[in-house]
Each structure stands twice: as structure tokens, then as C-alpha cells.
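This report describes selected features of a predicted model. Please consult the sequence and the structure shown below while reading.

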Amino acid sequence: MIIKGKSVIGLNVVTIDNGSVVETVDDIAYDPTNHRIVALLVDSGGMFSSAKAIHMDDVRNIGEDAVIIPNADAIKSIDDLGDDVRSISNSNKHLVKTNVLTVDGKELGRVTDIYF
């Protein structure tokens with residue numbers, strides 16, 4: 001199944017264990033080095049709290065209406081998800097914030113969507 005990235009942003013995150021809506025997807029963390037989605041960002045954090053995300057290994061399914069995770073414990077602080085997710089989140093390498101450059105450094109535009 002091919003999923004359009006922008007269609008995931010804004011989806012409710014629902015747990016399998018009790019069917020509750022626990023978050024909403026804010027953005028997608030994309031690893032340009034390995035060409036893969038590594039996490040779904042659900043809370044960008046603030047001055048007194050860390051950003052939160054769901055590692056793609058914890059996502060059970062992505063449907064038209066919701067992202068399904070096993071339980072609320074799958075939502076973790078960026079600091080707990082490992083260096084790859086933390087570095088992507090901290091550097092703002094998100095779905096619609098990534099510039100597209102030529103090898104010579106000329107800016108061609110920005111990513112507006114991604115299919116995965």
C-alpha cells in the first residue's frame with residue numbers, strides 16, 4: 001500500500017489496547033540518508049517539555065482515518081527514540097521543510113509531499 005505523506009498529517013493516533021485517541025500526527029520525520037520515514041511526530045514540545053514521536057517500528061497500521069499503535073507507551077520523547085530520530089527532529093528534517101538542492105548547491109525548491 002502506498003501512502004501519501006500529507007494525508008497522514010492530522011490523523012488521529014489510536015491505540016489497539018483500548019481504542020482511545022491519544023494524539024494527532026503533526027509531521028513526518030524523514031531520514032534523507034537512508035531514504036525512509038523514521039517517525040511520526042505528534043508533539044513538537046516547548047520550553048518545558050521535549051518533543052514526542054512514534055517510531056515507525058511501533059506503528060501497526062496507517063489507515064484513511066487513523067494511525068494505529070499498540071498502546072500509549074509507543075509515544076516517546078524524542079530523547080528516548082535514539083540518535084537518528086533526535087537528530088532529524090532537532091534539525092527540522094521534516095516532510096514539508098526539506099529543501100531540494102542540486103549537487104552544486106542550487107536550490108530547486110522544497111519537498112511538498114512524499115509517498116511511502
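## Salt bridge

The count of salt bridges in this predicted model comes to one. The partners are K76 and D58, whose closest N and O atoms lie 3.8 Å apart, a value that meets the cut-off of within 4 Å.

This pair links distant parts of the chain, since its members are 18 residues apart. K76 belongs to strand β8, residues 75-77, whereas D58 lies in the loop between β5 (52-55) and β6 (61-62). K76 has a relative accessibility of 29% and therefore counts as partly exposed, the class between 20% and 50%.

## The mixed sheet

Four strands, in the order β2-β1-β7-β6, form an open sheet with mixed pairing. The edges are held by β2 (21-24) and β6; each has a single partner strand, so one side of each is left without a neighbour in the sheet.

Within this sheet, strand β1 (residues 12-15) runs parallel to strand β7 (residues 66-69), and four bridges join the two. T15 stands opposite I69 of β7.

## The antiparallel sheet

Strand β4 (residues 36-43) pairs with β5 in the antiparallel sense, over four bridges. L40 has I54 in β5 as its bridge partner.

Terms used. Residues are numbered from 1 along each chain as its sequence is written. This is a predicted model: local features need pLDDT of at least 70, side-chain atom pairs count only at pLDDT 80 or more; totals for chains, interfaces and linings use all residues. Side-chain values use heavy atoms; hydrogens and water are left out. A salt bridge is a side-chain nitrogen of Lys or Arg within 4 Å of a carboxyl oxygen of Asp or Glu. Buried means under 20% relative accessible area, exposed over 50%, partly exposed in between (1.4 Å probe, protein chains only). Two strands pair if DSSP finds at least two bridges between them.
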